[in-house]
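This report describes the overall form of one protein and the residues packed inside it. The sequence and structure are shown first.

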Amino acid sequence: MHQELLTIGAFAARARLSPKALRLYDRLGLLAPAYVDEVSGYRYYRADQVERARMVALLRRLDMPLARIADVVGADGTTGAARLAAYWADAETRFASQRTLAEYLRGRLSGRSSEMYGKFVVETVDVPERVVLTETRHTLADELPVWIPASLGRLEEGARECGGTTGAPFVVYYAEVSMESDGPAESCVPVADGEAARGWAERWGSGVGVRVEPARRLAYARITKAQVAHPQIVAAFEAVEAWVRERGLSVDGPCREVYFGDWDAAGPEDAVCDVAFPVT
């Protein structure tokens, strides 16, 4: 049998990997030897395992977690390719977010905050009085990417029973939300029928409410999907605050994020959100 197989040294040379790496892949369940001698413990591999070994090594160079590598190489070709594409799409979003964060931090460290603020275009818009379905929660910054879409999804589903939506959904922050401070935050969806909204909220139960959002003038900056991540988004909020101060205006309520774009379809550089402050 040994003549039909490759020793770990010979296989490692053919796969352009080290025996140490092959032992690690075996231990992690990524690439098991074709045969292990019960007496000596020597590992032997088939020649047709070279492609899998090289694939594992290449995926490792993408910084793919080992569990994700197992999912990719363990699937058939089409499914494995789709799983790799999904991982890389997530990675590109993360890289874009990190690039924005690095730029923001460089500006802070070099004292160029005012220059950074100039990259955001701040405008104002008058928003009429509206009835909104709401859901309020104390949450930390790392929980927002899960809570916001889930909460707005629930409220948008309710809005379909309340005459439909009358504007873009938004999230209001009544106090700082960071890794140390938990807000609270309030998700809001404007609806057409206030009476139906109150009935829906009563049926839904705890945590959901209805209120009238007064007419406001908002000062806002439009940001991309990559810039929405915390703490990069802080720079956009600070830019709006600086703009408000420079023009002698006053902040007249808690800050908010207004989501107008198709989040799932948007790429990292696509505009999806306005960060805003009510002003007078």
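Of the 280 residues of the protein, 41% count as buried, that is, under 20% relative accessible area with a 1.4 Å probe and protein chains only as cover. The model is predicted, so local features need pLDDT of at least 70 and side-chain atom pairs count only at pLDDT 80 or more, while totals for chains, interfaces and linings use all residues. Residues are numbered from 1 along each chain as its sequence is written, and side-chain values use heavy atoms, without hydrogens and water.

The fold contains nine helices and eleven strands, which are DSSP runs (helices H or I, at least four residues; strands E, at least two) numbered from the N terminus. Because its radius of gyration is 27 Å, well over the 19 Å from the globule rule for 280 residues, the protein is more spread out than a compact globule. That radius is taken over C-alpha atoms, and the rule is 2.2 Å times the number of residues to the power 0.38. The C-alpha trace spans about 85 × 50 × 30 Å along its principal axes.

The largest nonpolar core has 42 residues; such a core is a set of buried Ala, Val, Leu, Ile, Met, Phe, Trp, Tyr and Cys residues joined through side-chain atoms within 4.5 Å.

Key. Buried means under 20% relative accessible area, exposed over 50%, partly exposed in between (1.4 Å probe, protein chains only).
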